[in-house]
Amino acid sequence: MIPEQVPNHVDGKDVPAASGEWLDKFSPADGSLLCRAARSTSADVDAAVAAARAAQPAWAEQTVVARGDMCREIALALRDRRDELTELVAAETGKPPDAARGETDAAIEMGFFMAGEGRRYYGRTTTASMPHRQVLTVRQPLGVAGLLISFNTPLPNVAWKVFPAILCGNTCVLKPSEHTPASAHALATICCKAGLPDGVLNVVQGLGPEAGAALVENPGVDLVSFTGSAATGRWINETAGRRLAKVCMELGGKNALVVCDDANLDMAVKWALASAFSNAGQRCASASRIVVFDTVYDAFRDRFLAGAADYDPGPVISEDAVERLVAAGARRLDRPGYWVEPTVLEGVAADADVSCAELFGPVTILYRVSGFDEALALVNDSPYGLTAAIHTASVHRAMRFAEQAQAGVVVVNGGTHGSEPHMGFGGVKQSGTGWREAGVEALDVYSDWKYVNLISDPAEV
Ligand code: NAD
């Protein structure tokens with residue numbers, strides 16, 4: 001079902017990389033060769049950016065209602081092929097089919113949500129000091145959007161960027177992760193068949209330092225929107241920033257889940273397990289730090305360790321990921337593919353490397369604290385600030401945590417889970433650069449505001 005070769009998709013056509021080279025993609029579940037993806041270089045990126053540039057004026061000329069209708073057509077076409085997409089995602093990532101289906105549905109919902117925005121797309125009208133002057137704000141496209149994404153939830157990662165980008169009248173060059181080439185290619189093919197004009201969505205496969213860097217450096221790219229690690233994001237931000245391109249960064253997390261002494265421990269254990277280990281911990285929002293009040297620490301720990309021992313997190317994405325996690329203290333499972341045991345570390349100092357660095361795998365750390373103030377200080381003692389959760393029966397504690405936790409998303413009595421299509425998502429500190437993706441907030445990433453002044457009676461002014 002996965003094609004043996006996954007080509008680029010440029011100007012509505014499937015094309016191999018100019019170099020003629022291919023990259024091997026292995027199955028996380030059993031290590032077998034799954035497919036080979038085009039190994040693109042700057043020549044392929046240049047062609048894709050040229051196609052996107054050529055297609056952009058006509059695309060922007062369409063009404064936003066028409067572009068919203070196109071988002072709906074794509075969402076419907078994706079829904080028709082939901083099972084096939086689910087299989088692709090499950091094969092590429094090693095996720096269980098239920099998780100892959102949930103993600104496919106989330107990507108489809110983003111299409112429907114953005115279709116509705118085509119009928120809103122609100123601006124403002126405002127007052128002016130001058131008589132007979134009306135001032136209104138309208139959104140305008142940026143031009144060509146360079147989209148670079150992580151492998152972890154491949155279809156939602158594409159959908160969160162492509163739907164708002166095209167709704168706002170931009171054309172796109174997408175560089176998917178080298179670990180998930182096939183789902184991105186399938187989505188672009190479906191877009192094409194659903195009627196998206198050639199050149200509006202181009203996909204260039206390949207490695208980050210080759211295809212990705214060439215996209216970031218291409219002067220024909222007006223916006224760089226990136227989801228990935230802080231280390232890559234820093235380089236991209238510096239590089240695109242030098243030519244003053246607009247840059248949106250959605251980066252990593254070291255998310256904390258706090259368990260207070262008045263928490264419902266069964267619920268806290270359930271949410272902590274899902275937060276730490278679902279998607280093999282390869283979630284930007286995963287709970288890699290679990291902060292527990294001293295008086296309930298032992299009771300929580302016993303149940304959490306028992307739950308972790310029974311948890312099947314699925315494989316991680318690659319051999320490199322296994323090696324990185326083993327170096328951080330995880331144990332490799334003795335089976336083909338890329339499997340590590342759910343790992344719980346204890347007695348780790350708050351300033352140790354594993355406490356500060358994002359591990360992006362099924363590894364979490366338990367910390368013992370005396371009470372709320374120490375818990376809050378520990379939560380905020382991180383270079384990241386994406387999500388945070390607290391389990392408590394106290395409204396006062398919950399509200400104080402919501403106010404004080406340095407994070408873009410706070411959850412009370414739940415997991416450090418992310419978002420829905422209508423909710424803006426993003427973080428503070430090194431988790432991002434202040435933008436929010438999804439929700440109407442995403443429109444601010446993919447458009448610029450224009451202030452239009454209408455002077456209705458110049459003679460009277
Ligand atoms: P990564 O930074 O290694 O790669 C992300 C993308 O960037 C890939 O497509 C990769 O090929 C590309 N890339 C790598 N080097 C590049 C370079 N020099 N120039 C241009 N592109 C380059 O990250 P990853 O391992 O794919 O994903 C994991 C990271 O993504 C974690 O840090 C995770 O927290 C983060 N993430 C964040 C969010 C969010 O919304 N904040 C969502 C998902 C994942």
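In this predicted model, the shell around the ligand is made up of 14 nonpolar, 10 polar and 4 charged residues. Among the 28 residues around the ligand, those that come nearest are Lys175, Glu178, Ser229, Leu251 and Glu358.

Several elements of secondary structure contribute to this shell. Helix H7 (208-217), strand S11 (223-227) and helix H8 (230-242) each provide at least two of its residues. The largest share, 4 residues, is supplied by H7.

| Residue | Protein atom | Distance to an oxygen atom of the ligand |
|---|---|---|
| Glu358 | polar side-chain atom | 2.5 Å |
| Ser150 | polar side-chain atom | 2.8 Å |
| Gly228 | backbone N or O atom | 3.4 Å |

On its own, the ligand has 850 Å² of accessible area, and the protein covers 87% of this area.

A further topic is the pairing of strands. Strand S5 (residues 33-38) pairs with strand S1 (residues 5-6) in the parallel sense, over 2 bridges. Here Gln5 has Arg36 in S5 as its bridge partner. S5 also pairs with strand S4 (residues 22-26), in this case in the antiparallel sense and over 5 bridges. The bridge partner of Trp22 in S5 is Ala38.

What do S4 and S5 form, and how many residues lie between them? The two strands form a hairpin, with 6 residues between them. Within the turn, Gly31 has a positive phi of about 80°.

Conventions. Residues numbered from 1 in each chain as written. Predicted model: local features only at pLDDT ≥ 70, side-chain atom pairs only at ≥ 80, totals over all residues. Heavy atoms only, no water. Near = heavy atom within 4 Å. Polar contact = N/O pair within 3.5 Å; in protein donor to acceptor, adjacent residues only side chain to side chain. Areas by Shrake-Rupley, 256 points an atom, 1.4 Å probe, with all protein chains shown as cover. Nonpolar A, V, L, I, M, F, W, Y, C, P; charged D, E, K, R; others polar. Pairing = 2+ DSSP bridges.
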